[in-house]
Structure formats: C-alpha cells, structure tokens
Amino acid sequence: MSRSQRVVVVGGGIIGLAVAERLCRTRPGTEVTVVEKEPGWARHQTGRNSGVIHSGLYYPPGSAKARLCRAGATLMVEFARAEGIPHEVCGKLVVATRADELPRLRQLAARGRENGLTVTELDPAGAREHEPHVDALAAVHVAETGVVDYGRVCAALVRRLEAYGATLLLGVEVLGTSTPAAPALGTAGMGARGGVTVRTTRGDLPADLVVACAGLHADVVARRLGHEPDTRIVPFRGEYRVLAPAATHLVRGLVYPVPDPDLPFLGVHLTRGIDGEVHAGPNAVLALAREGYTWGTASWPDLRDTLAFPGSWRLAARHLRTGAHEMARSLSAHRFADSLRRLVPELRDEDLLPAPAGVRAQAVRRDGSLVDDFLVKRSGRVVHVLNAPSPAATSAFEIARHIVDDLLHEG
Ligand SMILES: Cc1cc2nc3c(=O)[nH]c(=O)nc-3n(C[C@H](O)[C@H](O)[C@H](O)COP(=O)(O)OP(=O)(O)OC[C@H]3O[C@@H](n4cnc5c(N)ncnc54)[C@H](O)[C@@H]3O)c2cc1C
C-alpha cells in the first residue's frame, strides 16, 4: 500500500475505529475517512455489550477467535492503561450446576489451558471463595478475563483520529460504490488509478481502498459495495437486566454457566461492569429488525432479508426448541430470573431491573449453520468484515492489525 492512498472505513463501531486508528498510526500519509450513519460513535453492538475483555477460553485452539482474542485482550488492556480508561482484569468463574455439565466443564478447562490461560479447577468450596453466593457442583476460574467500557475505548480512538487529522463523518450513510467511469467531483484521476467512488447520503467519496465494518448491516453493505456474500446477518437480540442495589453484593465479579456447545452464545450470566453495576444476561432472541432493541421494533426490509434467505429457515428448524425457550424467557421476568438462580440461588425476581438490550450480528450460511469464527474477506479494493461477533470487541486491535497489515497490504 503506498503512503498517499485514500482509505474509506465504513462503520464507526470499535472495529472501524480501530482499523482507522491503525491506518493513521502505522501508515502516515494515508488519507483516512470514517463514515458512520448514526449521529454518534459506537451506537450499536459496541455501545450495547457486556463490556467483558474475554480471555479466549471457549474458542477452538488455532481458530481466528482464539488467536485474535488472546492477543487482542492484551492490546486492549495496554490501550486502556495508556489512555487512562478504567478497566480491571478481575478473572471469571464458569459454574457447573448440573452433573451432566461436569464433563463439558472439564473440557473447557483443558481448552483454556491449550489456549495458554491460567485455569483453576475448583470444588464447591473453592468456587465459593471467589463467589460466596454461587451454587456450584464444580467451577473453573480463568484469571485473564477483564472488564472495560468499550464506549470509552471508542471515544479515545476518536480523539486519536482527530489528532491524526482523519476525516470523521457522522450521520452519513454509505449507499454504494462504483468504479468511476466519469470521475466523481474533485476526483479527477481516480478512475485512471483504478480507485472506487463510495456513494453516500452526503455525496461521493473517492477511495483507493475501502474497509467495511458495518456490524449488523455487514451483508447489506457488502452487497452495496459490489460483493455478494455467501452469508447473511441474522440479528439476535440480547436482553439484559441490572441487579438492584440491594442485590449487588450477591456477585463479586463475573459468573457464567457452562455454555451449550450447540449454541454460539454463552448463556445468561452475571457481570459486574467497570461501573460497578451488575448486569444479568444477555439472552438470545431473534430480533425483528437489525436494530430491533425491543419486541416492538420491526423492520419489513430486514425481515424480508431474513425470511428470503434459506439459511434462516434451516437455522430456525434446527433450533426450534431453544428458540421457543428463549422467547418464553424473554417474555417472563420470572423465567429470566430462574436461569440466573441456577447460578446464584438467592436472587429474587424483584432484584432484576430493566436495562437496555443489544443486538448481535451473527452470520449464517445458506445451510443454516452459524459462522463460528470471525470472517473477513478482501474482494478487489474492498475488505469486508462479514462476521465479527463476540469476542470481536476484545479482539478489535488484532482484527485491525490483520486487516491493515495483511489484507490491505495485498495487491
Ligand atoms: C449483547 C452483546 C454482548 C456482547 N458482549 C461482548 C463482550 O462482553 N465482549 C466482547 O468482546 N464482545 C462482546 N460483544 C460483541 C461486540 O460488541 C461486537 O463484536 C463488536 O462491537 C463489533 O463491532 P463492530 O464495529 O463490528 O460493529 P458495531 O459496533 O455494530 O458497528 C458497526 C457500525 O457500522 C455502522 N453502519 C452500518 N451500516 C452503515 C452504512 N451503510 N453506512 C455507514 N455506517 C454504517 C453502524 O451504524 C454501526 O455503528 C457483544 C455483543 C452484543 C450485541
């Protein structure tokens, strides 16, 4: 990549901002523009998550998630330290509450060790030393997990980008792209140099390279930028509650169930955030819109996209029972509390107060299988981030390194 190139980054979540910051820092002279459709940064997944710096416990050794999460977590902690952003590496407890979970808990401990983590297997008394109120048959403690506010990480990235002189466009949506037959306004020569023109709601942007980090709209933006992905984003809402002040003493740090191996999500858990609040959740219900943060938010174009994709139907057929259970739990505060009581039996329904939800962007293949790993592809002059679910916030700096140093460097 030559120094005078113009790179347009689509999306002002943590991935887009981390990519833009790495470009400015490591390739001085590159003209970087970040385009975000919302009036502020990190308004979607990045600003509506659990705030956990994941350790890399769950991911198959050698997978992109395992590699990028471990290295990314280290970079995240370094960044937070350098920027004075409150964070804590507090460790977490994974708790088995049923006998049938014990073999999976042992497998998880083995996987954690393979991934280079400090894992301690605990009996019930050992678990209670970490979390006095959990009811565990056995537990695993992982030392490397932490907490941070990813919104604050993004605010710091934006300050750095401003200092580097990047162009930051809020409230501007990317609509499409074209290889300019006629040069776009003020871009004479771009076509000859083989660039692209990014069409936005505020006019055309000339670019030599584009990096699309559009989260819940990853597949839509890929199509707008001329690439037909094999996958679709299916939006899964994650609903949270927050513990009432009188109940926060029941949880010291992070308490998770043993995950169901058939599901991509970790199961409702309890997380003491860096703000001291204890968040409960998230569950996983199919959202009726990509940005469907409540049952009342539906979008016909989004639903049409989901329903027209054969993978959605196959996914639904495969997970019918789980889906029905999740929906029932979403609609009943008592059921939601029941799931948490498996971990901490003293929790009462009234200890759980409403809290804002998030929506996960999960890529699904045509055969209905979920894309487990991160998926980033270069097609011509555009790099598409097609699947960046959890732990992508943790891994953001490593994902950015991969995009800038490996993918943008090619060709
Ligand atoms: C409920 C929940 C809990 C999670 N918990 C954790 C956790 O604890 N730890 C962790 O590591 N990860 C967690 N994650 C995952 C993490 O939040 C995401 O992986 C990460 O935020 C993805 O960042 P992103 O930049 O790809 O997407 P986003 O943050 O969604 O940003 C994409 C941006 O692109 C913009 N955009 C889309 N289309 C266009 C367009 N056409 N033009 C311009 N802009 C556009 C959007 O407005 C948006 O701001 C969680 C996610 C959820 C939903």
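Arg232 has Val364 of strand E21 as its bridge partner. Helices (H or I, at least four residues) and strands (E, at least two) are DSSP runs, numbered from the N terminus. This is a predicted model: local features need pLDDT of at least 70, side-chain atom pairs count only at pLDDT 80 or more, and totals for chains, interfaces and linings use all residues. Residue numbers start from 1 along each chain as its sequence is written.

**The sheet**
- Strand E14 (residues 232-238) pairs with E21 in the antiparallel sense, over seven bridges.
- Two strands pair if DSSP finds at least two bridges between them.
- Three strands make up an open, antiparallel sheet, in the order E19-E14-E21.
- Strand E19 (285-286) and E21 are the edge strands, each with a single partner, so one side of each has no neighbour in the sheet.
- Strands of a sheet pair through backbone hydrogen bonds, either parallel or antiparallel.

**The two domains**
- The protein chain is divided into domain 1 (6-46 + 152-231 + 373-407) and domain 2 (234-364); such bounds come from an automatic or database domain assignment.
- The contact takes eleven residues from domain 1 and ten residues from domain 2, where contact means that C-beta atoms, placed from the backbone, lie within 7 Å.
- On the side of domain 1 that touches domain 2, five residues are nonpolar, six are polar and none is charged.
- Here Ala, Val, Leu, Ile, Met, Phe, Trp, Tyr, Cys and Pro count as nonpolar, Asp, Glu, Lys and Arg as charged, and the others, Gly among them, as polar.
- The C-alpha centres of domain 1 and domain 2 lie 29 Å apart.

**The shell around the ligand**
- The ligand is surrounded by 43 residues, and the closest are Gly11, Gly13, Gly215, Gly358 and Ala392.
- A residue counts as near if its C-beta atom, placed from the backbone, lies within 6 Å.
- Helix H1 (14-26), strand E2 (31-36) and strand E21 (358-364) each give two or more residues to this shell.
- By class, the shell holds 19 nonpolar, 17 polar and seven charged residues.
- Domain 1 and domain 2 each supply at least three residues of the shell.

**Helix H1**
- Eleven of the 13 residues of H1 are buried, so the helix is largely enclosed by the rest of the structure.
- Buried means 20 or more other C-beta atoms within 10 Å of the residue's own, with C-beta atoms placed from the backbone.
- Among the buried residues are Ile14, Leu17, Glu21 and Arg22.
- The buried residues of H1 pack against several elements, including strand E1 (6-10), helix H5 (150-164) and helix H11 (396-407).

Terms used:
Contact = placed C-beta atoms within 7 Å. Buried ≥ 20, exposed ≤ 12 C-beta atoms within 10 Å, placed from the backbone.
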